[in-house]
Amino acid sequence: MIGSVHVISFSPCGGTENVMQAITRDIPLPKHEYNITLPGDRTRELRFSRNDLVIMGFPVYGGNMPVHFSSLIAHLKGAGTPLVMVAVYGNREYEGAFLDMHEGVSANGFTPVAAIAAVAQHSGAPRIATGRPDADDREKLAQFGLQALNKAQAGGEGLAAPGAHRAWDLPAGIDIWPNTNMDVCTKCGQCAGVCPMGAVSDDGAATDNGKCIVCAACLKYCPAKARRFGNAETMKEYAAHLAHAVARKEAVLFV
Ligand SMILES: Cc1cc2nc3c(=O)[nH]c(=O)nc-3n(C[C@H](O)[C@H](O)[C@H](O)COP(=O)(O)O)c2cc1C
Ligand code: SF4
Ligand code: SF4
């Protein structure tokens, strides 16, 4: 019998967090929330039992979970704990995201029982899916939360990983790594403070591409608009690549 619900969100730009709030809105059990976006939020080991339900939300990048996904959840340990997978995507596609997530959480002792691919504003191109999840999305997400809880309460079979293949949606060779326009940077350090990977130097000048997961938080929260992805030429290529992602997509449920 599930006694409590644990809501775990990784949300550099806030869209995943909005989706998680909606999914868990009507759940009538004690809820514990963990935002694991920043490095300091991932230092304490968290252990869960068979009587807990974990609902875990991550954004989709390039049709996958973020690179380094397994290290982002290394501090989370289940013991046959039922888990709901939430992949939040920006109205393009989610492709192999559940394969990554299923593999990673299963290795840590969790049993996926339900999943949802939910839409939020595209963090790399905010003109896509602007303002989502909207009121209509939130109703559907809340209904899914209750369905997933019922599924977990019923026990039974775990869920196979939904999705067909792994993908990387960025054209090969594209220069996506963020950098700083030092002509306008004020060295305020905000970008370093919001980076989930500790990839930006304290003065905002340098980025460690080996750590960066291209989450766009440093662009979103830079007050001087000094952070940018790649260079103008390659970003035009990326914008063209996203041109087909404008028609509204809905959440896809697996329960
Ligand atoms: C570099 C990058 C790659 C992305 N790749 C995809 C993708 O493959 N498919 C998609 O639909 N959305 C994609 N997105 C959009 C995010 O998945 C979406 O905006 C998500 O809500 C971001 O979560 P957050 O707001 O919690 O950070 C991408 C965003 C960025 C910055
Ligand atoms: S947030 Fe912007 S202005 Fe501040 S240090 Fe970073 S790049 Fe510079
Ligand atoms: S440096 Fe990379 S990982 Fe860090 S906030 Fe910027 S885009 Fe995200």
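Guide: Rings of Phe, Tyr and Trp (its six-membered ring) pair if their centres lie within 6.5 Å, and planes under 30 degrees apart count as stacked, over 60 as edge-to-face and the rest as tilted. This is a predicted model, in which local features need pLDDT of at least 70 and side-chain atom pairs count only at pLDDT 80 or more, whereas totals for chains, interfaces and linings use all residues. Residues are numbered from 1 along each chain as its sequence is written, chains are lettered from A and ligands numbered from 1 in the order in which they are written, and side-chain values use heavy atoms, without hydrogens and water.

Visitor: How are the rings of phenylalanine 48 and phenylalanine 110 arranged: stacked, edge-to-face or tilted?
Guide: Seven aromatic pairs are found in a search of the whole structure. In the pair of phenylalanine 48 and phenylalanine 110, the centres are 6.1 Å apart and the planes stand at 50°.

Visitor: How many residues apart are phenylalanine 48 and phenylalanine 110?
Guide: Helices (H or I, at least four residues) and strands (E, at least two) are DSSP runs, numbered from the N terminus. Phenylalanine 48 belongs to the loop between β3 (46-47) and β4 (52-59), while phenylalanine 110 belongs to strand β7 (residues 110-119). The pair therefore links distant parts of the chain, and the two positions are 62 residues apart.

Visitor: Which residues do ring pairs link into a cluster?
Guide: The rings of tyrosine 89 and tyrosine 94 have their centres 5.5 Å apart and their planes at 65°, so this pair is edge-to-face. Both tyrosine 89 and tyrosine 94 are buried. Ring pairs join these two tyrosines to two phenylalanines, and the cluster consists of Tyr89, Tyr94, Phe98 and Phe254.

Visitor: Which helix gives the most to the lining of the largest pocket?
Guide: On a 1 Å grid over the protein atoms alone, a cavity is a set of points where a 1.4 Å probe fits but cannot get out, and a pocket is an open set with protein on both sides within 12 Å along at least five of seven lines; lining residues have an atom within 4 Å of a point. The largest pocket is lined by 35 residues, of which Tyr61, Gln121, His122, Ser123 and Gly124 lie nearest its centre. At least two lining residues come from each of α1 (15-23), β6 (81-89) and α6 (217-221). The largest contribution is three residues, and it comes from α1.

Visitor: Which cavity does ligand 3 sit in?
Guide: A residue is near a molecule if one of its heavy atoms lies within 4 Å of it, and a molecule sits in a cavity if more than half of its atoms lie within 2 Å of its grid points. Around ligand 3 there are 13 residues, the closest being Cys195, Cys212, Ile213, Cys215 and Cys218. Cys195, Cys212, Cys215 and Cys218 are also among the residues nearest the centre of the largest cavity. Ligand 3 sits in this space, the largest cavity.

Visitor: Which space is taken by ligand 2?
Guide: The shell of ligand 2 has 15 residues, with Cys185, Cys188, Gly189, Cys191 and Cys222 the closest. Cys185, Cys188, Cys191 and Cys222 also lie, together with Lys187, nearest the centre of the second largest cavity. The space that ligand 2 takes is the second largest cavity.

Visitor: What is phi of valine 214 near?
Guide: Valine 214 is found in the loop between α5 (190-194) and α6, and it counts as buried because its relative accessibility is 14%. Most residues other than glycine have a negative phi, and most peptide bonds are trans. The value for valine 214 is positive, with phi near 50°.

Visitor: What is omega of the cis peptide bond that joins arginine 132 and proline 133?
Guide: Proline 133 has its place in the loop between β7 and α4 (135-154). The loop also holds alanine 129, a residue other than glycine with a positive phi, near 60°; alanine 129 counts as buried because its relative accessibility is 15%. For the cis bond joining arginine 132 and proline 133, omega is about 5°.

Notes
Buried < 20%, exposed > 50% of the residue type's maximum accessible area, 1.4 Å probe, protein only.
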